[in-house]
Amino acid sequence: MTGLAQRQAAFLGAILDDEAPLPTGWGDERAPGLAIYRNNYRTSLMEALRSTFERTERLVGEDAFRRAAAHHCIMHPPRSWTLDLVGKGFPETCTELFTHDPDVAELAALEWAMHEAFVARNTKPLTTAGFGEACAKFTEGDWEDLTLTLVPDLRVVGASHDLVRLWSSLAADRAKPDVVPCGEAQCAIVWREGERPVFALRPAWEGAALDAFHRGATFGEVCAALIETLGEDAAIAEAGAMLARWVGEGLVEKLAQGVVVSPAVTSLSPFASDSSLSVR
């Protein structure tokens, strides 16, 4: 480590830890100035967390949120030049600190996902017409091998509570949170419409399907997983409706590279007709 890097590391350590010694060569007369800088630094981080997790703060209260935010900043100091990433890992911090209230971590994860969606790169999603045209001559094998590139702002958050009701109930200050457990495992799918992050609550198996596509799974592999979860008849029906809904909502950026469209037309399964592409 160079001398400059050592001085920078010592300076950062003194900012993060009140008990850390002053950097080498600093006299006690610099301690008051460092204390002011340390306070400004921590205040900036806390305000960044508050602006990103507004509803989480309303859910737990200002005092509890301040303690959780301080703990996060001390245990996980930011390693990026931008304040946009200060909240990275804060949902996990909430999982650790609010062990008896899982709705806190779920809401924090939703707010972080919406923050990430807001700052994600812009893209032009595939339209319903464009998708239909690209797939018009697919054979059964083409459908099996189909892979998707999802839009970069897409996120999936696990949910054991009705996050739609909870989110709406916390829209204003001093609102009473509406915490309602889900009857079965759900997920919140987050994406951006124009400049506005949005989300919808969906069954957990739909979130798992999105994650599988994100990892490079084929449509055939996703359908096989759905069959194990839902049974064959329900899986085939849900797979077609699900894919059509994603395209309609603008969640698909393009067909992944390497997909070859065969010239022959045999089966359009799982899409029974063009009308299925209009589902949203």
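## Helix packing and nonpolar cores in a predicted model

After H10 comes Gly 216, which has a positive phi near 100°. The model is a predicted one, in which local features need pLDDT of at least 70 and side-chain atom pairs count only at pLDDT 80 or more, whereas totals for chains, interfaces and linings use all residues. Residues are numbered from 1 along each chain as its sequence is written, and side-chain values use heavy atoms, with hydrogens and water left out.

The chain has twelve helices and five strands; these are DSSP runs numbered from the N terminus, helices being H or I of at least four residues and strands E of at least two. Buried residues make up 41% of the 280 residues in the chain, where buried means under 20% relative accessible area, exposed over 50% and partly exposed in between, with a 1.4 Å probe and protein chains only. Of the contacts (heavy atoms within 4.5 Å) between residues at least 6 apart in sequence, 70% join residues at least 24 apart.

### Helix pairs

Two packed helices are described by the angle between their axes and the distance between the axes. Axes are lines fitted to C-alpha atoms, for helices over the stretch in contact, and angles run from 0 to 180 degrees between N-to-C directions.

| Helix pair | Angle | Axis distance |
|---|---|---|
| H10 (residues 204-214) and H11 (residues 219-230) | roughly 155° | within 10 Å |
| H5 (residues 90-97) and H6 (residues 102-119) | about 175° | 8 Å |

H10 and H11 are therefore roughly antiparallel to each other, a term for angles over 145 degrees, while those under 35 count as roughly parallel, 65 to 115 as roughly perpendicular and the rest as oblique. The crossing of H10 and H11 is right-handed, that is, the near helix is turned clockwise from the far one by less than a right angle. From H10, Trp 205, Ala 209, Ala 212 and Phe 213 meet Phe 219, Val 222, Leu 226, Thr 229 and Leu 230 of H11. This contact of H10 with H11 has eight nonpolar, one polar and no charged residues; Ala, Val, Leu, Ile, Met, Phe, Trp, Tyr, Cys and Pro count as nonpolar, Asp, Glu, Lys and Arg as charged, and the others, Gly among them, as polar.

H5 and H6 are likewise roughly antiparallel to each other. Phe 90, Pro 91, Cys 94 and Thr 95 of H5 make the contact with Val 104, Ala 105, Ala 108, Ala 109 and Trp 112 of H6. Its residues divide into eight nonpolar, one polar and no charged.

### H10 and the cores

Buried residues of H10 include Trp 205, Glu 206 and Gly 207. The buried residues of this helix pack against S1, strand S2 (155-161), S3, S4, H11 and H12.

A nonpolar core is a set of buried Ala, Val, Leu, Ile, Met, Phe, Trp, Tyr and Cys residues joined through side-chain atoms within 4.5 Å. The largest has 34 residues, and Phe 131, Leu 146, Leu 148 and Trp 246 have the most contacts inside it. Elements giving two or more residues to this core include H10, H11 and helix H12 (232-249). H12 gives the most, with six residues. Another core, of 33 residues, lies apart from it, with Leu 49, Phe 65, Leu 107 and Trp 112 among its members.

### Two loop residues

Thr 218 is in the loop between H10 and H11 and is buried, with a relative accessible area of 19%. Leaving aside neighbours within four places in sequence, Thr 218 is in contact with Glu 144, Asp 145, Leu 146, Thr 147 and Phe 213. Arg 174 lies in the loop between helix H9 (163-169) and S3. This residue, which is not glycine, has a positive phi near 60°, and Arg 174 is exposed, with a relative accessible area of 82%.
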